[in-house]
Amino acid sequence: MHINNVLIYNFRNIEKLSLELNNGINIFYGNNAQGKTSFLEAIYICGTGRSHRTNYDRELIKFNESDAHIKLDVSDEFSDFKIDLHMNINKKKGIAIDSVPLKKLGELFGHLLLVIFSPEDLELVKGSPMIRRRYIDMELCQISSIYYYKLQQYYKVLKQRNNLLKSIVKNKDLIDSLDVWDYQLIEYGIDIVKLRMEFIENIQLLAGNIYRDITNGNEELKILYKPSVNENNYESKLLKNRDRDIILGSTNIGIHKDEMMFYVNGFDLRSYGSQGQQRSCALSMKLAEVELIKQVKNRTPILLLDDILSELDKNRQEFVLQKIDKIQTIITTTGSYDIISQRLKNSFVFYVENGNITFEN
């Protein structure tokens with residue numbers, strides 16, 4: 001899969017832009033806050049429907065403008081298609097594939113397959129459990145429409161249950177209504193747990209092999225999914241925590257509390273791993289995403305590297321650059337430009353300044 005052309009209007013600090021991309025490596029360099037990450041963000045939102053930097057679409061529209069537009073011309077192993085995304089400060093964003101408007105955001109997943117790796121992803125190991133759940137959810141949504149549907153339904157039920165919990169504080173007669181929401185929460189939650197467990201088993205094999213290569217076979221990475229509930233205890237745990245949930249006005253048991261753990265040679269990487277080990281783990285997980293998408297979707301995703309090479313030492317930089325052969329990759333960088341350009345002779349190079357992007361070679 002690769003993006004042929006990109007058109008952007010009034011997105012972040014990019015006023016107007018039309019670019020043709022290389023099917024291989026594309027390097028975007030320049031100083032900070034010039035528009036490099038904004039360009040990656042524009043591509044990312046066309047694959048997922050949302051930004052990886054903000055939850056507010058208004059922030060994506062150029063200052064003093066009312067709307068923004070992004071168009072991508074994409075080719076994959078089977079067909080060519082166009083993605084057209086429009087944002088307006090007073091309306092919900094609109095997305096179309098080959099001029100056919102999508103009714104729901106979930107219909108976008110699976111068209112433009114992306115793997116993004118940014119400095120924030122280095123927090124995958126030592127950051128909060130929410131970061132790790134988001135990693136699992138975003139990857140599974142790309143490869144499984146069933147998972148996306150189950151996840152959406154789960155959070156709708158969770159919202160309704162939490163609203164009911166708040167109402168019960170004022171009216172105890174409503175407590176029996178919780179059974180209806182509990183039943184649905186359990187139904188969707190159990191299915192999500194099963195899909196997450198299967199995903200972790202698959203990503204474990206791939207990431208484990210990559211981590212082994214990074215460490216020259218000296219270290220073994222193990223990834224464990226730790227659900228807070230299972231098919232046998234979900235109902236009993238909800239009942240046991242019901243009084244607490246009512247007091248707090250929120251549901252404290254369920255898949256929204258799950259965790260993923262990393263171990264190297266048997267030691268908890270979050271507590272005992274060095275910074276180098278933690279970064280090697282995050283790198284392994286991201287490269288494993290690429291391989292898993294290839295296996296499941298039979299298509300090659302596009303890799304977005306957002307100034308990540310500057311966060312890695314020379315050996316890990318070289319490892320990444322060796323792995324991106326035959327993958328369309330968009331790299332943003334500041335200090336690592338010389339290293340990349342020497343290593344990737346056939347790449348397209350773009351200079352970014354004040355929202356303007358210039359093709360150099």
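Trainee: Does Leu-224 count as buried, partly exposed or exposed?

Mentor: In this predicted model, the class follows from the relative accessible area: under 20% is buried, over 50% is exposed, and what lies in between is partly exposed. Leu-224 has 42% relative accessibility, so the residue counts as partly exposed.

Trainee: Where is Leu-224, and what does the residue touch?

Mentor: Leu-224 is placed in strand β9, residues 221-226. Leaving out residues up to four places away in sequence, the residues that Leu-224 touches are Ile-200, Glu-259, Met-260, Met-261 and Tyr-263.

Trainee: Which element holds Gly-208, and is the residue buried or exposed?

Mentor: Gly-208 belongs to helix α5, residues 178-214. With a relative accessibility of 3%, Gly-208 counts as buried. Apart from residues up to four places away in sequence, Gly-208 touches Ile-203 and Leu-221. Along the chain, Gly-208 and Ile-8 are 200 residues apart, and 39 Å separates their C-alpha atoms.

Trainee: Which residues are in contact with Arg-161?

Mentor: Beyond its neighbours within four places in sequence, Arg-161 is in contact with Leu-178, Trp-181, Asp-182, Leu-185, Leu-238, Asp-245 and Thr-251.

Trainee: And what is the reading for Lys-294?

Mentor: Lys-294 is in helix α9, residues 275-297. Its relative accessibility is 27%, so Lys-294 counts as partly exposed. Setting aside neighbours within four places in sequence, the contacts of Lys-294 are Arg-299, Thr-300, Pro-301 and Ile-327. For Lys-294 and Leu-113, 181 residues apart in sequence, the C-alpha to C-alpha distance is 9.8 Å.

Trainee: What does Phe-350 touch, and where is this residue placed?

Mentor: Phe-350 is in strand β14. Not counting residues up to four places away in sequence, Phe-350 touches Leu-19, Glu-20, Leu-21, Asn-26, Ile-27, Phe-28, Tyr-29, Ile-357, Thr-358 and Phe-359. Its relative accessible area is 1%, so Phe-350 is buried. Phe-350 and Val-6 are 344 residues apart in sequence, with 13 Å between their C-alpha atoms.

Trainee: Which residues other than glycine have a positive phi, and where are they?

Mentor: Among them are Arg-12 and Asn-354. Arg-12 has a phi near 55°, and lies in the loop between β1 (2-11) and β2 (14-20). Asn-354 has a phi near 50°, and lies in the loop between β14 (348-353) and β15 (356-359). Asn-354 is exposed, at 55% relative accessible area.

Trainee: How many disulfides are there?

Mentor: A disulfide is called when two cysteine sulfur atoms are within 2.5 Å. The count here is zero. Take Cys-141: the closest cysteine sulfur is in Cys-46, at 17 Å, which is too far for a bond. Cys-141 is buried, with a relative accessible area of 5%. Cys-281 is also buried, at 0%.

Trainee: Why is the radius of gyration said to agree with a compact globule?

Mentor: The value is set against an expectation for the chain length. For 361 residues a compact globule would have a radius of gyration near 21 Å, and the chain has 22 Å, so the two agree. Along the principal axes, the C-alpha atoms fill a box of roughly 70 × 55 × 35 Å.

Trainee: How many helices and strands does the chain have, and what share of its residues is buried?

Mentor: The chain has eleven helices and 15 strands, and 54% of its 361 residues count as buried. Among contacts with a separation of 6 or more, 70% come from residues 24 or more positions apart.

Trainee: What remains to be read from the surface and the charges?

Mentor: The chain exposes about 17600 Å², with carbon and sulfur atoms supplying 47% of that area. There are 47 positive and 48 negative charges, and their mean positions are 4 Å apart.

How values were computed
Residues numbered from 1 in each chain as written. Predicted model: local features only at pLDDT ≥ 70, side-chain atom pairs only at ≥ 80, totals over all residues. Heavy atoms only, no water. Helix = DSSP H or I, 4+ residues; strand = E, 2+ residues; numbered from the N terminus. Rg over C-alpha atoms; globule rule 2.2 N^0.38 Å. Buried < 20%, exposed > 50% of the residue type's maximum accessible area, 1.4 Å probe, protein only. Contact = heavy atoms within 4.5 Å. Areas by Shrake-Rupley, 256 points an atom, 1.4 Å probe, with all protein chains shown as cover. Lys, Arg positive; Asp, Glu negative; His and termini not counted. Charge placed at Lys NZ, Arg CZ, Asp CG, Glu CD.
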